[in-house]
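Good morning, colleagues. Please look at the model on the screen while I describe a few of its contacts, rings and interface features.

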Protein chains: 2
Amino acid sequence: MKNEAPLRVGIAGVGTVGASLISMFLNDQERMTQRFGRQIVVTGISARSRSKDRGVDLSEMAWFDDPVALAKSDNIDLFVELMGGEDGPALASIRAALELGKPVVTANKALIAKHGVEIAHLAEQTNTQFGFEAAVAGGIPIIKTLREGLGLAQVQRVYGIMNGTCNYILTRMTNEGINFQDCLKDAQELGYAEADPTFDIEGFDTAHKLAILTSLCFGCKIAADQMYVEGITRIDQADIKVASDLGFDIKLLGVAQRTPDGIEQRVHPTLVPKTSTIAGIDGVLNAVSLETDHVEELLLAGPGAGGDATAASVISDIFDCVRGTHVPPLGLPVAELEPYDKARMREHEGGYFIRLNARDIPGALAAIASRMGESEISLESVIQRPDLVVNDPETKSEATRTVVLITQKTLEQSVRQTIDRIAADGFIVGKPQVIRIERF
Amino acid sequence: MKNEAPLRVGIAGVGTVGASLISMFLNDQERMTQRFGRQIVVTGISARSRSKDRGVDLSEMAWFDDPVALAKSDNIDLFVELMGGEDGPALASIRAALELGKPVVTANKALIAKHGVEIAHLAEQTNTQFGFEAAVAGGIPIIKTLREGLGLAQVQRVYGIMNGTCNYILTRMTNEGINFQDCLKDAQELGYAEADPTFDIEGFDTAHKLAILTSLCFGCKIAADQMYVEGITRIDQADIKVASDLGFDIKLLGVAQRTPDGIEQRVHPTLVPKTSTIAGIDGVLNAVSLETDHVEELLLAGPGAGGDATAASVISDIFDCVRGTHVPPLGLPVAELEPYDKARMREHEGGYFIRLNARDIPGALAAIASRMGESEISLESVIQRPDLVVNDPETKSEATRTVVLITQKTLEQSVRQTIDRIAADGFIVGKPQVIRIERF
């Protein structure tokens, strides 16, 4: 391989990850040649602003205003897409490169969540490599592990913490007793959360990543729009405190699993036992855990974002392209992928944490407990303590008591119906808080 | 690829892993063909006993009394070595297969720790694939991650729990307050420890695995014999209790790291903060953590042994061979590997946990503390409690008090010299316990 011409890379999008990547290519040529016996050089770039200082020297690279022109350029052998956006120039340029048989590497989870199957199909048709390790859990090699590292093992359940913003907020709420809004403000000041944080804190970012993992784990088509998604904005200090007393932490998890009813895909705040490894994943860290038939449980934890960590995943994909590693992008050839067989969320079975604002009148707790009994929901714990005060504007007008119920394994639809009945009885005020419990 | 002839596999050694592997090949042909479009069939086997019932049907496979003859047989395309042993038939048959250009997959850590560089060289010369994912941390894809998953990231420190027997014993000692001997006996009864457990509990198994990781992490030759190795047989309940009170768990870690003095390789019981992820890896689980320049920390946790998990790693190596993935076995071409540059253990710098049996005479503690001061060793904690009783036959003849000192960062040689001086002063009885502290 020693005397091959250098591999010429074109990069569209020079933000944090792009700048890290270019800096590695500029500074680590020696390491690269040592590992590969082949030079890899960035010959073309495309970005929004030509004048912005990104801390790296772009003077030796050809500039393209149009990323599609870069993707098609005869001066590049491999195209790296780091612009983001689920359609538009990102999609057009990836398609253009693959149609010409040029390998593509991207970190764009939104795009893969929406168009992954189509792109995988295009890559297959042109026998071209398509890598997206950096799209899920930044620096963690979860895509490689799922595509190449499990042998014949079949995944039964995958779950993970895949959004650093949410995990940072929940960790600080837990460790420092700060409320959600203050944590979010700090996260924004520290650059861990966007000015408009909706996409992260409402769970959509996690949903995109989970949809990609679901396809790789279960050999089905990507179905990002067929997912139960709930963010962390309604998590109160009272939830965190009671959960903690009962031996649980609260994490925003993405979970997908095989059930008799189909495949469940869900993103929601989750009570996890403090003794579980996933509970120990704090701050901006990410982690993904795989439960399989052959390998009981495999957990990968590491940085989910950050320029250098994400760039390292982009480079490992580029190396695979150079090496000639050929794996179907979604693990199986597209023709072998099954349609996504959605399990109904109301068929979900698990434990539930239910927090209610009960009116401070005689018989309220008894009425609530009776409704649970009627639905044959077994309660593991009932907590009513004077110090549990929830800052809920809806309840300010009258005296209420916070009651927390922990159920044993029960059906989601049974929990929902029962809570509706309790609300109709008039013994509670405001919207009940329901958090799912996951045991590992 | 669809119409290629089946890949014919020969397996030498049909113990737990071999039987799991054969059973997967017999039962999962459909999954295999779906993933690969190519059949993989076991055509030849070799094992010690022909008549032993292994729960799998071997009748369709050609039997070889001599594994070397199997490796050389024209009826196999790929050789799987699962016999074990660092020399002898395992080495001879691996050499024979590679010399004929047949890919080899093995789970034999002892052999790679001793002959890995020579075998990697042979594989290179004949342009043949050589896989050993199953040799380190059973079902955890750590070899693939190091060889293919890190891009250009350079490892600064690698550490891990790589022996399930030791971790099982230490976990039970911690959670149940049982002493070492009773835990070992239980582990033997449950099949988690061998009848002769020396190899595991004295740290040699971990040392073999660490030596392989060191080579892959730091681009140097394997040097399993140049390592500080200390097992867990001297860990007392008193150590575990005091460590726990101070916020630490005790784990048997293998640690390798770059230092200004060279590369440290060491296996020893280690105090790790309870808040660290590695502290949460309990029972027979394994975990390996990588600290790199680009990816701050990456942790992989999962089963370190077991037939199915280890067989899954063997199969993932076989799949890589079928796919044609070509990576130098030790990450770099053998000619590029540097000699192992050993850091002297006495130059190791870290915190220390020191437990002494001080004579119950006035001035003992003052004398010990003075010696520490003379050596400029700063103490973080000093614990002397009446309830700390150590079951040490050497101290039974006289009244002693257990004293535990926790040092701040200091040099190993300074700690050793100071303890020698304290012993010479005559204020302590028996051998002091010294456990290194690692912070993550």
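I begin with B:Val158, which, setting aside neighbours within four places in sequence, is in contact with B:Leu213, B:Cys217, B:Phe218, B:Gly254, B:Val255, B:Ala256, B:Val288, B:Ser289 and B:Leu290; contact here means heavy atoms within 4.5 Å. This is a predicted model, in which local features need pLDDT of at least 70 and side-chain atom pairs count only at pLDDT 80 or more, while totals for chains, interfaces and linings use all residues. Residues are numbered from 1 along each chain as its sequence is written, chains are lettered from A and ligands numbered from 1 in the order in which they are written, and side-chain values use heavy atoms, with hydrogens and water left out.

B:Val158 belongs to strand β7 of chain B; strands are DSSP runs of E with at least two residues, helices are runs of H or I with at least four, and both are numbered from the N terminus. B:Val158 counts as buried because its relative accessibility is 1%. Buried means under 20% relative accessible area, exposed means over 50%, and partly exposed lies in between, with a 1.4 Å probe and protein chains only. The C-alpha atoms of B:Val158 and B:Gly37 are separated by 38 Å, and the two residues are 121 apart along the chain.

Let me turn to the aromatic rings. Rings of Phe, Tyr and Trp (its six-membered ring) pair if their centres lie within 6.5 Å; planes under 30 degrees apart are stacked, over 60 edge-to-face, and the rest tilted. By this rule there are eight aromatic pairs over all chains. One of them is the tilted pair of A:Phe199 and A:Phe204, at 6.4 Å centre to centre and 40° between the planes. Another pair, B:Tyr159 with B:Phe440, is stacked, with 3.9 Å between centres and 20° between planes. This pair links distant parts of the chain: B:Tyr159 is in strand β7 (residues 155-161) of chain B, and B:Phe440 is in the segment after β17 (428-437), 281 residues apart. Is B:Tyr159 buried or exposed? B:Tyr159 is buried, at 2% relative accessible area, whereas B:Phe440 is partly exposed at 33%.

A charge can also sit over a ring, which requires NZ of Lys or CZ of Arg within 6 Å of the ring centre and within 35 degrees of the ring normal. In chain A, the charged end of A:Arg147 sits over the ring of A:Phe132, 5.3 Å from its centre. In chain B, B:Arg147 has its charged end over the ring of B:Phe132, 5.3 Å from the centre.

Next, the nonpolar core, defined as a set of buried Ala, Val, Leu, Ile, Met, Phe, Trp, Tyr and Cys residues joined through side-chain atoms within 4.5 Å. The largest has 184 residues, and A:Ile169 and B:Ile169 have the most contacts inside it. Beyond four places in sequence, the residues in contact with B:Ile169 are B:Phe180, B:Cys183, B:Leu184, B:Ala187, B:Ile201 and B:Ile232.

How large is the area buried between chain B and chain A? About 4,100 Å² is buried, with carbon and sulfur atoms giving 55%; buried area is the accessible area (1.4 Å probe) that two parts lose on being put together, summed over both. B:Arg31, B:Leu152 and B:His294 supply 17% of the area that chain B buries against chain A, more than any other three residues.

I close with backbone angles. Most residues other than glycine have a negative phi. B:Asn127, however, has a positive phi of about 50°, and this residue is found in the loop between α5 (109-125) and β6 (130-131) of chain B. B:Asn127 is exposed, with a relative accessible area of 56%.
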